[in-house]
Amino acid sequence: MAVLSICCAPDPVLRRRAKRVSSLDGSIQKLIDDMLETMPAVSGVGLAAPQVGVSLRIAVIGLADEDPIVMVNPEIVKRSGERTVVEGCLSVPGYRGEISRSVSVTVKARDRQGKEFRVKGTELLAQALEHELDHLNGVLYLDYLESPDKLYEIEAEEEQGL
Ligand code: NI
């Protein structure tokens, strides 16, 4: 396992639509292991493969005190509600932005063995699910800012990132 380096905007890999994973071979298993090691090392709540320079539809989420969620080829199947959140991204260091996110999100994905599962989240998990799946489509939270004054600089990365 290895801690990978994080790609930051304006790296074009962050703007690409990531490709579906067709085979869960050894190289994919190693990538997942490396992402799971990298996420806590960079104080991440979530991490998507494009953020480590790999344009594939893989994302991991690790909330405190819970087993990490590994999602291969994830899709949002349901979302509801709307709330305002302050969001940051490991790939946009030094900034936070105020945007709107869903209250509840359900995602269908494959696990690292290829078995289909669903995960339903509210609050931070819902936010992380939307944020990481956006990464797979080349979308950053910056794209949702209603105006430039909804983005502000922060002193240091004192909070966790997505
Ligand atoms: Ni992010």
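Reader: With which residue does Arg20 form a salt bridge, and how far apart are the closest N and O atoms?

Author: A salt bridge is read from the distance between a side-chain nitrogen of Lys or Arg and a carboxyl oxygen of Asp or Glu. In this predicted model, Arg20 forms a salt bridge with Glu75, and their closest N and O atoms are 4.0 Å apart. The pair links distant parts of the chain, 55 residues apart: Arg20 is in the segment before α1 (26-41), and Glu75 is in strand β3 (residues 69-80).

Reader: How many salt bridges does a search of the whole structure find?

Author: The search finds nine. Among them is the one between Asp34 and Lys30, whose closest N and O atoms are 2.8 Å apart. Asp34 and Lys30 are separated by about one helical turn, because they stand four residues apart in helix α1. Asp34 is buried, at a relative accessible area of 5%, whereas Lys30 is partly exposed, at 49%.

Reader: Which parts does the salt bridge of Glu130 and Arg79 tie together?

Author: The side chains of Glu130 and Arg79 meet at 2.6 Å, N to O. Glu130 lies in helix α2 (residues 123-136) and Arg79 in strand β3, so the pair ties together parts that are 51 residues apart in sequence. Glu130 is buried, with a relative accessible area of 3%, and Arg79 is partly exposed, with 48%. Salt bridges can also share partners: in this way Glu87, Arg101 and Asp134 are joined into one network.

Reader: Which atoms are the protein donors of the nickel ion?

Author: Donors are found by their distance from the metal. Here they are Cys89 (SG), His131 (NE2), His135 (NE2) and Leu162 (O), lying 2.1 to 2.4 Å from the nickel ion. Along the chain, the donors follow the spacing C-x41-H-x3-H-x26-L. Cys89 lies in the loop between β4 (83-87) and β5 (95-101), and His135 in helix α2, so this pair ties together parts that are 46 residues apart in sequence. Both Cys89 and His135 are buried.

Reader: Why is the arrangement around the nickel ion irregular?

Author: One begins with the ideal case: four tetrahedral donors have angles of 109.5 degrees. To count as tetrahedral, all angles must lie between 85 and 135 degrees. The four donor atoms around the nickel ion subtend angles of 97 to 141°, which makes the arrangement irregular.

Reader: In what order do the strands of the open sheet stand?

Author: A sheet is read by following which strands pair. Five strands form this open sheet in the order β1-β2-β3-β6-β7, with antiparallel pairing. The edge strands, β1 (46-48) and β7 (116-122), each pair on one side only. On average, neighbouring strands are turned by 35° against each other, direction ignored. β1 pairs with strand β2 (residues 58-61) in the antiparallel sense over three bridges, and Gly46 stands opposite Ile61 in β2.

Methods
Residues numbered from 1 in each chain as written. Predicted model: local features only at pLDDT ≥ 70, side-chain atom pairs only at ≥ 80, totals over all residues. Heavy atoms only, no water. Helix = DSSP H or I, 4+ residues; strand = E, 2+ residues; numbered from the N terminus. Buried < 20%, exposed > 50% of the residue type's maximum accessible area, 1.4 Å probe, protein only. Donors = N, O, S within 2.8 Å, 3.2 Å for Na, K, Ca; no water. Tetrahedral: all angles 85-135°; square planar, octahedral: opposite > 155°, others 65-115°. Pairing = 2+ DSSP bridges. Axes fitted to C-alpha atoms, helices over the stretch in contact; angles between N-to-C directions.
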